[in-house]
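Here is a report on one protein chain. Keep the sequence and the 3D view open as you read.

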Amino acid sequence: ALDTIGQAVLRRAESIAAGAAADGVPVPAARDGLGEALARLLMLSKRCPFPDVREKSEAILSGVQELGIRIPRPLGHGPSRFIPEKETIQVGKEDATMHTLFAESFATLGRLDNVTLVMVFHPQYLESFLKTQHYLLQMDGPLPLHYRHYIGIMAAARHQCSYLVNLHVNDFLHVGGDPKWLNGLENAPQKLQNLGELNKMLAHRPWLITKEHIEQLLKTEENSWSLAELIHAVVLLTHYHSLASFTFGCGISPEIDCEGGHTFRPPSVSNYCICDITNGYHGVDEIHASQAGSIPVSSTESVCEVEALMEKMKQLQECRDEEEASQEEMATRFEREKRESMFVCSSEDEESAATRDVSRHFEDTSYGYKDFSRHGMHVPTFRVQDYSWEDHGYSLVNRLYPDVGQLLDEKFHIAYNLTYNTMAMHKDVDTSMLRRAIWNYIHCMFGIRYDDYDYGEINQLLDRSFKVYIKTVVCTPEKTTKRMYDSFWRQFEHSEKVHVNLLLVEARMQAELLYALRAITRYMT
């Protein structure tokens, strides 16, 4: 197939080159669809896990270049703006386990995307993530394929995540979706428009969802949703809200063949040309150097931070063994932490990643995250003992959308329990206390309380810069900056910071699901 595509591309390039020569144009532009084809070949040459495909793609690009036509080059270095490319897994240099995951991802998605290339720091989780996403998007289920991708677009657009929107626009069209729907939500079927209210509440204020919202979707005459369809839609919405958090939290770069991922401008000796500078594109090495230097900190200071965190963990464990707080005191500590989480916010004025306007894919663009206890509005605490994923949500999802409950449960457990028993340069460390503090802090921000957890531990283990990062990535991910990423856990490996993001993704997704599934359960009973 690639040979056939290559022949067609070269014929088109020869035609353009001949026409340009006749018109006296020295370096003709790739036009009439050739540019898109060359960008796709560039992606295959850099990101395909199969060596023969990479080599053939490079050969076709070289053939086009020999005809005098400018070929694209990647903008940026590597799958993440936050992680230097040399510290990520290089395609073609992966081990056998990772190669299998790469091959499966490529076969399923038609690409090896940048999310996969960052998540592969943790192969066990990535395998579960890819299996779940494949089931949601491509296997038998209540919703037609084009609806699934459109719902993904709606969900990602709530956080202005143009990375995910771009991918699913392509997939939506590939499975036969109507291009008119992409002009705005008002052009989509009324059934999908009706989902807009649930989408915005799940993304920004899930504690406001009631059984009345569910009833409106299930009883709207000819545009009504079935329970099974609604469960499928809710899982897709929560999946893509949380994946937007991962995308911004790890600084995922645009895909090479998508908007912002490549340029036809020529490189220069200094790694950028004057047109790059005037358009705001700077040498990526320069960007990494300047941003890395934006937080001056000595290695001794960073090591002290790690030692101090480990000492706090040790002291908390000793306190646990000696005495246990009363239920009243535990409840007070939860309310205090929930209240304090309202005031955790960034003072950053640094610009986050530029994204194209994707607001046409959702309604009510002014609707965003609000702390649930502000302005005198009080929402009752959601007690996990009354409604939990394990005892209630899991069985509801599995009953209405078979096997998905099991897939989600496996993914939650892998993220929550994943450990290599390391902390920065230290080995043989039990990190369960720290992982639980991160998970429970996220749920606390959503008003979700575990009766058996001492919320006093959170302030001991999570410093302010870490809390700012967590709250931003979970609640307003589009505001995440590289400075925030750099400022927490400064002595930790990038793989450990990606691990943190996996906890944020799954804790957020489970929190949204708990509120939605509880409302569905109340409607059913």
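Helix α6 spans residues 123–138, and helix α7 spans residues 145–157. Their axes come within 8 Å and cross at roughly 120°. Axes here are lines fitted to C-alpha atoms, for helices over the stretch in contact, and angles run from 0 to 180 degrees between N-to-C directions.

Which residues meet? From α6 come Tyr135, Leu136, Leu137 and Gln138, and from α7 come Leu145, Arg148 and His149. Contact means heavy atoms within 4.5 Å. By class, the contact of α6 with α7 has 4 nonpolar, 2 polar and 1 charged residues. Ala, Val, Leu, Ile, Met, Phe, Trp, Tyr, Cys and Pro count as nonpolar, Asp, Glu, Lys and Arg as charged, and the others, Gly among them, as polar.

## How the model is read

This is a predicted model: local features need pLDDT of at least 70, side-chain atom pairs count only at pLDDT 80 or more, and totals for chains, interfaces and linings use all residues. Residues are numbered from 1 along each chain as its sequence is written, and side-chain values use heavy atoms, with hydrogens and water left out.

## The whole chain

The protein chain has 23 helices and 6 strands. Helices (H or I, at least four residues) and strands (E, at least two) are DSSP runs, numbered from the N terminus. Of the 525 residues in the chain, 52% are buried. Buried means under 20% relative accessible area, exposed over 50%, and partly exposed in between (1.4 Å probe, protein chains only).

Take the contacts in the chain with a separation of 6 or more: residues 24 or more positions apart account for 77% of them. The accessible surface comes to about 23,000 Å², and 50% of it belongs to carbon and sulfur atoms. Such areas come from the Shrake-Rupley method with a 1.4 Å probe; for residues, only the protein chains shown count as cover.

Trp389 is found in helix α17, residues 389–400. Is Trp389 buried or exposed? Trp389 is buried, with a relative accessible area of 1%. Leaving aside neighbours within four places in sequence, its contacts include Val397, Leu408, Phe412, Leu513 and Leu517. Trp389 and Arg518 are 129 residues apart in sequence, yet 9.7 Å apart in space, C-alpha to C-alpha.

Ser15 lies in helix α1, residues 2–23. Ser15 is partly exposed, at 41% relative accessibility. Ser15 and Leu67 are 52 residues apart along the chain, and their C-alpha atoms are separated by 9.9 Å.

## Two positive phi angles

Most residues other than glycine have a negative phi. Ala424 has a positive phi of about 55° although it is not a glycine. Ala424 sits in the loop between β4 (422–423) and β5 (426–427). Ala424 is buried, at 14% relative accessible area.

Asp428 also has a positive phi of about 55°, and it is not a glycine. Asp428 lies in the loop between β5 and α19 (432–445). Asp428 is exposed, with a relative accessible area of 75%.

## Cysteines

How many disulfides are there? The count is 0, where a disulfide is a pair of cysteine sulfur atoms within 2.5 Å. Cys258 is buried, with a relative accessible area of 8%. Cys304 is partly exposed, at 46%.
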